[in-house]
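Here's a quick briefing to read with the model open on your screen.

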Amino acid sequence: MTAARRAVRAGFARGWIESRNYFRSHDELFWNIFLAVVFAVVLFFQRNSVVEGTNQSLASVVLPSILGMTVAWGGLSGAAGILAIEREDGTLLRAKTIPHGMVGYVVAKVIMTAVTSAVTVIIILAAGLLFVPELVSTPWTGWLMMVGILALGLLATMPWGAIIGSLVKSPQGAFGLTFLPMAALTAISGIFYPITALAGWVQSIAQLFPIYWLGHGMRAALLPEAEAAEIGGSWRYLEMFGVLSAWAVAGLLLAPPILRRMARRESGSAVEERRDAAMKRYG
Amino acid sequence: MDARDGDVVVDVDGLRMRYGHKDVLDGVAFRVHRGEVIALLGPNGAGKTTTIEILEGFRVRSAGEVSVLGVDPAVSREDWRARVGIVLQSWRDHTRWRVKDLLGHLGRYYAPYSTAARARPIALDDLLAMVGLAEHADQMVGKLSGGERRRLDLAIGIVGRPELLFLDEPTAGFDPHARREFHDLMHRLADFEETTILLATHDLAEAEKLADRILILAGGRIAADGSADQLARQVAAQAEVRWSLDGEIFVHATEDATAFVRKLFAEHGEAVGDLEVRRASLEDTYMAMVHKFETGRPDAAGAVVQFERSAP
């Protein structure tokens with residue numbers, strides 16, 4: 001077995017250790033659970049409202065959309081934030097000092113992002129089973145489709161998060177660059193209320209980005225009968241897989257050279273400079 | 001030519017590093033042989049870290065020849081990384097990992113590079129014992145004290161049993177006891193593991209205690225190269241003689257203190273008091289050298305720069 005392949009394996013082990021550390025660290029796990037609980041409360045209050053013109057409960061439409069949204073946020077903001085933080089604290093430089101360490105690092109980050117996303121998805125789904133009775137009757141093909149689309153969604157967002165995390169100077173920069181655009185896209189992507197209520201040009205913009213299609217895909221997987229409420233009254237699988245795949249392919253092509261360029265510039269003094277800058281920020 | 005040419009681990013010649021219009025390194029040249037412990041000594045800002053980072057392959061030089069373990073670090077590959085260990089000034093990474101998890105994990109990457117002569121990585125228990133972290137194996141990295149954290153950094157630096165170890169200000173912030181233990185470990189590495197060690201420091205006492213050879217980096221060049229003893233003699237062949245005569249203190253610098261004192265007694269006999277003869281210490285040498293380079297460049301290149309600046 002080559003050293004690089006062993007490093008991939010070490011990366012899987014690393015992802016496992018980091019996931020375990022994540023479950024042990026109460027603050028981060030708490031935040032993840034807290035957010036999931038907030039969404040569960042939203043669903044609770046929406047359980048008796050009905051989407052106009054249908055007999056769907058609002059909760060049943062919002063739940064899948066939230067699932068899609070959290071995965072998009074986790075993939076983009078999560079990856080960008082972690083990369084920026086670990087550049088500042090030297091984790092990335094450490095990986096660079098180890099033979100094939102960067103390979104292990106990237107593999108572990110992919111696993112870690114998938115695990116944290118899965119935790120959020122599971123908690124929200126658990127709440128959903130209480131307040132959205134329709135979910136219980138979802139066939140296994142629906143669950144399978146959900147997992148598949150979520151995985152594709154991670155591929156469509158995570159490389160872009162890594163790119164942003166490579167380009168920014170600080171974790172605050174990563175937050176600033178991802179938070180507002182993501183919040184704006186979330187607002188127009190039909191997550192918390194149907195997109196068909198928005199102006200046509202806003203709908204067009206939303207449909208260029210993965211976050212809309214992730215929510216759309218989740219609804220297609222978990223509410224297969226509700227396609228009348230969607231744009232064009234259909235699940236438009238071709239467009240959905242097309243847009244998500246396009247983002248995934250472009251991101252996966254662009255991310256490696258940008259990551260490599262960023263890693264090349266990492267050095268002890270670069271980490272030191274960033275630390276000094278951080279000290280000044282925090283006072 | 002050096003008899004040990006075949007054993008050259010680091011070979012640097014004409015190394016230049018330019019940031020904007022400033023040459024931080026201006027023709028650095030030196031060699032390190034297998035098994036040597038070398039201290040790169042210099043005031044802050046002299047370019048120690050820059051030099052080390054170029055050798056580590058983390059920084060691309062402006063000009064010059066650099067060979068580390070027979071490879072140019074600027075185009076080095078992963079198998080070269082496996083032979084080199086790095087300990088930086090400050091690490092704050094992996095705070096949520098347990099000590100043994102981290103060392104065990106990072107060791108894995110070196111396993112493919114294990115040879116009969118150098119088993120890689122060093123077994124976890126041996127490594128923990130070597131750096132004195134055995135009882136902290138289950139602790140979280142973020143909860144270690146400053147000294148323990150540095151020992152962990154060192155353990156990570158040597159987990160792959162490196163042929164060459166780089167250390168940047170290794171004992172900054174150590175108490176005397178921790179410093180001494182660290183020095184013992186360095187000696188063990190050099191003697192038993194045949195590790196060549198290159199450490200950057202501004203601590204003269206440390207350089208004197210640890211290094212077989214000291215390179216003083218000042219003014220962008222290697223200003224002196226030799227053992228602590230050689231360096232002390234190189235610049236300060238002179239000794240300082242102090243004495244008192246009729247309540248007055250006298251100081252005289254001389255190359256032959258013995259002859260001078262003999263003459264002193266012949267002339268004044270018992271009137272001579274408070275006699276003190278002091279040979280220049282390494283510290284005096286070092287201070288004199290740094291002072292010389294910082295106050296005015298003694299070489300021709302410096303003169304040219306000066307001339308250009310004064311031109312309209």
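**Briefing: strands, helices and a chain contact**

In S8(B), B:Arg213 is the bridge partner of B:Ile38. Keep in mind that this is a predicted model. That bridge belongs to the pairing of strand S3 (residues 37–41) of chain B with S8(B), which is parallel and runs over 4 bridges.

**Around S8 of chain B**

- Strand S8 covers residues 213–218 of chain B, and 5 of its 6 residues are buried, so the strand is largely enclosed by the rest of the structure.
- S8(B) also pairs with strand S9 (residues 221–226) of chain B, this time in the antiparallel sense and over 5 bridges.
- If you want one pair to click on here, B:Leu217 has B:Ile222 in S9(B) as its bridge partner.
- The two strands S8(B) and S9(B) make a hairpin with 2 residues between them. In that turn, B:Gly219 has a positive phi of about 60 degrees.

**S5 and S6 of chain B**

- Strand S5 (residues 84–87) of chain B sends B:Val84 and B:Ile86 one way and B:Gly85 and B:Val87 the other way. Whichever way they point, all of these residues are buried.
- S5(B) runs parallel to strand S6 (residues 164–168) of chain B, and 4 bridges join them.
- One of the residues to look up is B:Val87, whose bridge partner in S6(B) is B:Leu167.

**The open sheet of chain B**

- Three strands of chain B, in the order S2-S1-S4, form an open sheet with antiparallel pairing.
- Strand S2 (22–33) and strand S4 (63–68) of chain B are the edge strands, each with a single partner, so one side of each has no neighbour in the sheet.
- Neighbouring strands in this sheet are turned against each other by 15 degrees on average, direction ignored.
- Strand S1 (residues 8–19) of chain B pairs with S4(B) over 5 bridges in the antiparallel sense. Within that pairing, B:Val12 has B:Val66 in S4(B) as its bridge partner.

**H1 of chain B**

- How many of the residues of H1(B) are buried? The count is 9 of its 9 residues, so to speak a mostly covered helix.
- The buried residues in H1(B) include B:Lys48, B:Glu53 and B:Glu56, along with B:Ile52, B:Ile54 and B:Leu55.
- After H1(B) comes B:Gly57, with a positive phi near 85 degrees.

**A helix pair in chain A**

- Helix H3 (residues 58–88) and helix H5 (residues 101–131) of chain A have axes that come within 10 Å and cross at roughly 160 degrees. H3(A) and H5(A) are therefore roughly antiparallel to each other.
- The crossing of H3(A) with H5(A) is right-handed.
- On the H3(A) side, the residues that meet H5(A) include A:Leu63, A:Ile66, A:Gly74, A:Gly75 and A:Gly78. On the H5(A) side, A:Lys109, A:Thr113, A:Val121 and A:Phe131 are among them.
- By class, the residues of this contact divide into 10 nonpolar, 9 polar and 1 charged.

**Where chain B touches chain A**

- In chain B, 28 residues are in contact with 23 residues of chain A.
- Helix H1 (48–56), helix H2 (78–81) and helix H3 (99–108) of chain B each supply at least two residues of the side that touches chain A. H3(B) gives the most, with 4 residues.
- That side of chain B has 12 nonpolar, 5 polar and 11 charged residues.

Terms used. Residues numbered from 1 in each chain as written. Chains lettered and ligands numbered in written order. Predicted model: local features only at pLDDT ≥ 70, side-chain atom pairs only at ≥ 80, totals over all residues. Buried ≥ 20, exposed ≤ 12 C-beta atoms within 10 Å, placed from the backbone. Pairing = 2+ DSSP bridges. Contact = placed C-beta atoms within 7 Å. Nonpolar A, V, L, I, M, F, W, Y, C, P; charged D, E, K, R; others polar. Axes fitted to C-alpha atoms, helices over the stretch in contact; angles between N-to-C directions. Parallel < 35°, antiparallel > 145°, perpendicular 65-115°, else oblique. Left-handed = near helix turned anticlockwise from the far one by under 90°.
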